[in-house]
Amino acid sequence: EVQLVESGGGLVQAGGSLRLSCAASGFTVDDYVMAWFRQAPGKERELVATITPGGSTNYGDSVKGRFTISRDNAKNTVYLQMNSLKPEDKAVYYCYARSIVSIEGYLEVWGQGTLVTVSS
């Protein structure tokens, strides 16, 4: 029932920009902690950005100042605006959602991933 679908990945030149979208179904994104992760081959999955239901954001050091996470509640969609892209940003980018933790537990869901390739 709950699902995240990413889109917007592709090939971009170094210094360019891409905007990733994460469309949620089965829940509302402003009730969940939303995040973007990325993973390159042979490397650990890395936290890129988070946004809380209250709108607070955090970014990994490697993308701070270049990437922006945002949310459109009316569209039930989370975005990742990526500017000043570098070849080292090449990875599969995953959208992630997690409900507020309670004594009853929590729910989490991952998107399928979208590939971002940055050429030099």
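User: Why is Cys-95 called buried in this predicted model?

Analyst: Cys-95 has a relative accessible area of 0%, and the word buried is used for anything under 20%, so Cys-95 counts as buried. Cys-22 is judged in the same way, since its relative accessibility is 0% and the cut-off is under 20%, and therefore Cys-22 is buried as well.

User: How do you know that a disulfide joins Cys-22 to Cys-95?

Analyst: The sulfur atoms of Cys-22 and Cys-95 lie 2.0 Å from each other, and a pair of cysteine sulfur atoms within 2.5 Å is taken as a disulfide, so the pair meets the definition. The link is left-handed, with -85° about the S-S bond, and a search of the whole structure finds 1 disulfide.

User: What makes this a link between distant parts of the chain?

Analyst: Cys-22 sits in strand S3 (residues 18–25) and Cys-95 in strand S9 (residues 91–99), and the two cysteines are 73 residues apart.

User: Why are strands S1 and S7 said to stand at the edges of their sheet?

Analyst: The open sheet has 4 strands in the order S1-S3-S8-S7, with antiparallel pairing. Strand S1 (3–7) and strand S7 (67–72) each have a single partner strand, so one side of each has no neighbour in the sheet. On average, neighbouring strands of this sheet are turned by 20° against each other, direction ignored.

Key. Residues numbered from 1 in each chain as written. Predicted model: local features only at pLDDT ≥ 70, side-chain atom pairs only at ≥ 80, totals over all residues. Heavy atoms only, no water. Pairing = 2+ DSSP bridges. Axes fitted to C-alpha atoms, helices over the stretch in contact; angles between N-to-C directions. Buried < 20%, exposed > 50% of the residue type's maximum accessible area, 1.4 Å probe, protein only.
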